[in-house]
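Subject: Structure handover

Hello,

Here is the structure we spoke about, for your own calculations. My notes on it follow below.

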Amino acid sequence: MVKSETTLTFYGGVNEIGGNKILLKDGNTKILLDFGMSFSLKRRYYSPPFLSPRSEKSLLELGILPKISGLYIFDKESADVDAVLISHGHMDHSAYISFIKREIPVYCGETTKIILQALGEIRRTDLEFNVEGIEFKTFRTGSILRVDDVEIKPIHMDHSVPGAYGFIIQTSNGTIVYTGDFRVHGIKSEMTYDFVEAAKKADPVAIITEATNMTSASASSEAELRSKLNGIVGQTEGVVLAEFASTDIDRLNSFYQAAENNGRCLVVSSKQAYLMEMLRSDSGLQVPSLDDKNIMIFRRSKPSDNGKKVIRKWEKQLMESYADKFVDCEDISNRQCKMLLSFSLYDLDQLVEVKPAPGSCYISSSSEPFNEEMEIDFERLVNWLRYYGLPRYHVHVSGHVMPFDLKNTLQNIHAARIFPVHTEDAELFAKFIRGIGSEIVHVEKGEEYLI
Ligand SMILES: [Zn+2]
Ligand SMILES: [Zn+2]
């Protein structure tokens, strides 16, 4: 019998940070590893909300969606992909499951399912993110998944969103390891070490690894970040405004601690509160309760033509369950020294009513490309901060592994071949990492690699 071939094709995550879309073929079995949105590619042609893709046709034409037959919901052909594995809930790895045929199962961690479904409710349904009707099959570390003859072990990873996994995939031509996004300087580095241990044991023929931080490395940890935040909040006399990714629960806990240590309440947006409420059902996570006396929910001021605003189901649910937890701009303005307000760039107009007192500050605590809020011009933020005399602190720790940690990790796992993805610096990475005894592949988009 002829042994079946195993191949890898990279449709996204090549020379870009995010947008991972990797097709693994093992004989007749086809598995997609992540199916995320490419922010860089999208930004090349679009500038939401006024210039947005109107249909999948434009996304396909521009190559933002790869041409894969038997995959999309709008395809006439029958399903020809057996499974999609999602490593974690960031949009650059997961958003485009929106477009896949609903009969194709989507495997993801239990936490990722909660996040994607909650975001599906919160975000206005749009072309590029709609998880309605998706058949999620969830796993935890210790689960073994089987897609035809391919066996997959998901193992938890430390990253800037809870519920991130790497995969150890047994194919007919050896083991392939996929890291997804990860780091070892977070609060849960032991999870990454579990993955590395298992990957090493599997003696892989190939590893697909992220290599995001080749030119923006810093040596810091979430633990250090906590002490820095504590220091800044401790010095602030007025209100503390803080911007961070709503799905980053470790960061949420870091701000929660900084608030609590300094006698302040953490005021979260209603979207964030809803996500927290949903994630509370995940026993593996530590998420502050909305009943906690140090947690409040921000009620944004309504636009003056109020009355037209539709209150969505999730919002109503939150308002009914936690009516006494809501504070508005006036409440915050009156008790500035007691408040740490989680504040998105979309909320800048609310400053007119918050009226930050002298000695207030703004803390930016994100930098990841998946954060769509980054699309709002940085200059506009600075203009608001100048107007109100708010200094801006940037206190952030990346969700991605640092160069020497990455080198150690790869040396340890010792795969025969390394496929770097999720990086704009694949060449720098190849030179930096050479000499560790693995062949480093220069990945080309759309190219099929035989394993
Ligand atoms: Zn990513
Ligand atoms: Zn990520």
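**The two zinc ions**

D181 bridges the zinc ion (ligand 2) and the zinc ion (ligand 1), and the two ions lie 3.3 Å apart. This is a predicted model, in which local features need pLDDT of at least 70 and side-chain atom pairs count only at pLDDT 80 or more, while totals for chains, interfaces and linings use all residues. Residues are numbered from 1 along each chain as its sequence is written, chains are lettered from A and ligands numbered from 1 in the order in which they are written, and side-chain values use heavy atoms, with hydrogens and water left out.

The protein donors of the zinc ion (ligand 2) are H88 (NE2), H90 (ND1), H159 (NE2) and D181 (OD), at 2.1 to 2.3 Å. Donors here are N, O and S atoms within 2.8 Å of the metal (3.2 Å for Na, K and Ca); water is not among the atoms, so sites may look incomplete. The spacing of these donor residues in sequence is H-x1-H-x68-H-x21-D. The four donor atoms around the zinc ion (ligand 2) subtend angles of 89 to 166 degrees, so the arrangement is irregular. Four donors count as tetrahedral if all angles lie between 85 and 135 degrees; four count as square planar and six as octahedral if opposite donors are over 155 degrees apart and all others between 65 and 115; anything else is irregular.

The zinc ion (ligand 1) is coordinated by D92 (OD), H93 (NE2), D181 (OD) and H422 (NE2), at 2.1 to 2.3 Å. Its donor residues are spaced D-H-x87-D-x240-H. The donor atoms around the zinc ion (ligand 1) subtend angles of 84 to 164 degrees, which makes this arrangement irregular. Helices (H or I, at least four residues) and strands (E, at least two) are DSSP runs, numbered from the N terminus.

**Helix packing**

Helix 13 (residues 403–413) and helix 14 (residues 426–433) pack at about 60 degrees, with axes 11 Å apart. Axes are lines fitted to C-alpha atoms, for helices over the stretch in contact, and angles run from 0 to 180 degrees between N-to-C directions. Helix 13 and helix 14 are therefore oblique to each other. Angles under 35 degrees count as roughly parallel, over 145 as roughly antiparallel, 65 to 115 as roughly perpendicular and the rest as oblique. On the helix 13 side the contact (heavy atoms within 4.5 Å) is made by P403, F404, L406, K407 and L410, and on the helix 14 side by F429, F432 and I433.

The axes of helix 4 (residues 110–122) and helix 8 (residues 270–279) come within 10 Å and cross at roughly 145 degrees. T111, I114, I115, A118, E121 and I122 of helix 4 meet K271, Y274, L275, M278 and L279 of helix 8.

Helix 8 and helix 9 (residues 313–321) also have axes that come within 10 Å, crossing at roughly 80 degrees. Helix 8 and helix 9 are therefore roughly perpendicular to each other. In this pair S270, K271, A273 and Y274 of helix 8 meet W314, Q317 and L318 of helix 9.

Regards
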